[in-house]
Amino acid sequence: MPNLNFHPAGRHFLQIPGPSPVPDRLLRAMSYPTIDHRGPEFGALGRSVLAGIRTIFKTQHPVVIYPASGTGAWEAALANTLSPGDAVLMYETGHFATLWNKMTLRLGLKPEFLGLPGSEGWRRGVQAGMIAERLRADRQHAIKAVCVVHNETSTGVTSDIAAVRRAIDAAGHPALLMVDTISGLASADYRHDEWGVDVTVSGSQKGLMLPPGISFNAVSPKAIEASRAARLPRSFWAWDEMLEINKTGYFPYTPNTNLLYALQESIAMLHAEGLDAVFARHQQLAEACRRAVRAWGLEIQCADEAVYSPVLTGVMMPEGVDADAVRQLVYQRFNMSLGAGLGKVKGRMFRIGHLGECNDLTLMATLSGCEMGLRLSGVRLKGSGCAAAMEYLAETSQRADRPAAE
């Protein structure tokens with residue numbers, strides 16, 4: 001059993017790339033009394049969050065909300081649109097793209113996994129040209145969907161989804177475009193409608209700043225039409241009942257009422273700051289973090305500056321250094337959690353999350369913990385990453401919009 005009564009001085013720094021820290025405002029919202037999910041108060045709540053979440057996905061079309069993790073939303077996207085034996089084109093950008101590919105096999109689909117060879121594909125974004133080439137060769141249009149990850153949480157790479165849409169269109173192919181933006185939504189710019197995405201998958205525990213437990217499918221008219229002919233079994237995940245009863249703000253089964261309270265507040269917080277300002281803040285913090293890594297003389301996991309993630313930064317360790325041992329030391333000495341390397345990069349890198357409720361001082365404390373931990377672990381650093389990040393933030397940070405102190 002975890003020791004939940006352990007209270008060291010100060011707060012725990014949860015600097016993994018999700019779940020991200022939950023703001024007090026959202027914690028208070030979750031503490032509201034649970035209400036009748038068939039009553040009039042819930043209907044108003046449901047209509048509010050169903051309308052509000054569309055603005056975060058930047059869509060005019062429905063967003064289905066499930067009481068589930070992002071993995072559930074992966075399955076919902078596939079089960080609602082495809083039939084047994086359908087061919088699916090997927091692109092390997094990291095651990096989570098790999099897991100989504102594994103799911104397609106379990107569901108009886110036939111995935112084809114594109115990607116660059118070896119570990120190189122885990123350091124770069126989706127190569128849209130490879131998708132276009134493969135689709136042009138599919139003259140019979142056997143491939144029914146293209147599935148890609150927007151922000152790959154395991155590697156710190158944010159792929160160009162608009163380029164993938166252009167590749168599909170250039171090939172003249174009718175395949176659905178499905179995108180996982182579980183860690184990208186509300187942290188990195190995302191445009192469901194403008195980019196021509198048919199199904200977008202996301203979750204609550206990243207940029208939305210909620211605990212795990214809610215996931216989403218944003219769906220296009222084309223995806224809804226495909227669902228009418230799809231033959232994969234689905235009941236809990238079925239869009240048809242959801243979309244019909246959602247029109248009145250209700251759900252076909254018991255929703256996660258208290259997380260919906262928090263979702264309503266999360267949407268309000270994002271709009272109060274402004275989505276463009278939210279994205280700019282994440283970009284600024286990410287750049288400061290990368291400057292710190294370079295000043296340490298270490299390598300960034302993402303090898304292409306054009307697709308650096310604003311959500312997290314992967315830090316590669318020198319040969320012979322166990323990244324998990326560094327993470328363990330940082331946790332024990334400084335009460336801070338960093339993300340582990342996953343899959344092909346396990347033990348070779350750690351991940352710094354700078355998303356959600358994160359600001360300049362949060363990042364500076366995080367980098368201080370990393371720098372101390374690296375030095376204590378015997379990693380020879382070229383210079384001070386903290387100084388490099390601090391200089392950048394001091395030059396670029398904007399004045400907080402609040403009254404002056406008296």
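Author: Axes here are lines fitted to C-alpha atoms, for helices over the stretch in contact, and angles run from 0 to 180 degrees between N-to-C directions. Helices (H or I, at least four residues) and strands (E, at least two) are DSSP runs, numbered from the N terminus. This is a predicted model, in which local features need pLDDT of at least 70, side-chain atom pairs count only at pLDDT 80 or more, and totals for chains, interfaces and linings use all residues. Residues are numbered from 1 along each chain as its sequence is written, and side-chain values use heavy atoms, with hydrogens and water left out.

Reader: OK, at what angle do α10 and α13 cross?

Author: The axes of α10 (residues 275-296) and α13 (residues 385-396) cross at roughly 150° and come within 7 Å. That makes α10 roughly antiparallel to α13 (angles under 35 degrees count as roughly parallel, over 145 as roughly antiparallel, 65 to 115 as roughly perpendicular and the rest as oblique). The crossing of α10 past α13 is right-handed, a crossing being left-handed if the near helix is turned anticlockwise from the far one by less than a right angle, and right-handed if clockwise.

Reader: Which residues meet there?

Author: Among them are Leu-285, Ala-288 and Trp-296 in α10, and Ala-389, Tyr-392 and Leu-393 in α13, where contact means heavy atoms within 4.5 Å. By class, the contact of α10 with α13 has 10 nonpolar, 3 polar and 2 charged residues (Ala, Val, Leu, Ile, Met, Phe, Trp, Tyr, Cys and Pro count as nonpolar, Asp, Glu, Lys and Arg as charged, and the others, Gly among them, as polar).

Reader: Switching to α6, how many of its residues are buried?

Author: In α6 (161-170), 7 of the 10 residues are buried, where buried means under 20% relative accessible area, exposed over 50%, and partly exposed in between (1.4 Å probe, protein chains only). The elements covering those buried residues include α5 (128-137), β5 (143-149) and β8.

Reader: And how do α5 and α6 run, parallel or antiparallel?

Author: Their axes come within 8 Å and cross at roughly 20°, and α5 and α6 are therefore roughly parallel to each other. The contact is made by residues including Ile-131 and Leu-135 of α5 and Val-164 and Ile-168 of α6, and it divides into 9 nonpolar, no polar and 1 charged.

Reader: What caps the N-terminal end of α6?

Author: Asp-160 does, with a side-chain oxygen lying 3.2 Å from the backbone nitrogen of Ala-162. After α6 comes Gly-172, whose phi is positive, near 60°.

Reader: Then His-173, buried or exposed?

Author: His-173, in the loop between α6 and β8 (176-180), is buried, with a relative accessible area of 6%. Its side chain makes a polar contact with the side chain of Asp-138 at 2.7 Å (a pair of N or O atoms within 3.5 Å; within protein, one must be able to donate a hydrogen and the other to accept it, and residues adjacent in sequence count only if both atoms are side-chain atoms).

Reader: Last one, where is Gly-94?

Author: Gly-94 is in the loop between β3 (87-91) and α4 (95-106), and at 0% relative accessibility it counts as buried. Not counting residues up to four places away in sequence, Gly-94 touches Trp-122, Glu-152, Ser-154 and Thr-155. Gly-94 and Val-157 are 63 residues apart in sequence, yet 8.8 Å apart in space, C-alpha to C-alpha.
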